[in-house]
Amino acid sequence: MEHNSKNTMLLLNSAKCYEQIGDKDKALEQLEKAVEIFPDFEEAHEMIRKLS
């Protein structure tokens with residue numbers, strides 16, 4: 001993440017990890033970063049809807 005902060009798949013996978021440990025706020029933060037970079041990222045949008 002440190003070297004690839006704009007990699008949307010890393011952000012999505014990070015969000016999934018945060019979701020699994022119960023940190024929905026951090027998961028949503030990662031997902032918001034991903035959709036800022038790639039607005040048409042449907043999987044990230046679906047996860048945002050699920051967590052919101």
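User: Hi! Which residues of α1 are buried?
Analyst: Hello! This is a predicted model, and in it the buried residues of α1 are Thr8, Leu11, Leu12, Ser14 and Ala15.

User: Where do they fall, seen down the axis of α1?
Analyst: They fall within an arc of 160°, so they line one face of the helix. As a rule, residues three or four places apart point the same way, because an α-helix has 3.6 residues a turn.

User: Nice. What do those buried residues pack against?
Analyst: Against α2 (24-37) and α3 (42-51).

User: And which exposed residues are on the face turned away?
Analyst: Cys17 and Gln20 sit on that face, away from the buried side of α1.

User: What span should helix α1 have, going by its residues?
Analyst: Helix α1 covers residues 8-20, so its 13 residues at 1.5 Å a residue should span 18 Å. The end C-alpha atoms are 18 Å apart, which agrees.

User: What happens at the start of α1?
Analyst: There, asparagine 7 has a side-chain oxygen that comes to within 3.0 Å of the backbone nitrogen of methionine 9.

User: And what follows α1?
Analyst: Glycine 22 does, with a positive phi near 85°.

User: Switching topic: is glutamine 30 buried or exposed?
Analyst: Buried: glutamine 30, a residue of helix α2, has 4% relative accessibility, and the cut-off for buried is under 20%.

User: Which side chain does its side chain make a polar contact with?
Analyst: The side chain of glutamine 30 makes one with that of serine 14, at 3.1 Å. Ser14 is also among the buried residues of α1.

User: What else is glutamine 30 in contact with, leaving aside neighbours within four places in sequence?
Analyst: Besides Ser14, glutamine 30 is in contact with Met1, Leu11, Ala15 and Tyr18.

Notes: Residues are numbered from 1 along each chain as its sequence is written. This is a predicted model: local features need pLDDT of at least 70, side-chain atom pairs count only at pLDDT 80 or more; totals for chains, interfaces and linings use all residues. Side-chain values use heavy atoms; hydrogens and water are left out. Helices (H or I, at least four residues) and strands (E, at least two) are DSSP runs, numbered from the N terminus. The expected span of a helix is 1.5 Å times one less than its number of residues. Buried means under 20% relative accessible area, exposed over 50%, partly exposed in between (1.4 Å probe, protein chains only). The arc is that of the directions from the helix axis to the C-beta atoms. Contact means heavy atoms within 4.5 Å. A polar contact is a pair of N or O atoms within 3.5 Å; within protein, one must be able to donate a hydrogen and the other to accept it, and residues adjacent in sequence count only if both atoms are side-chain atoms.
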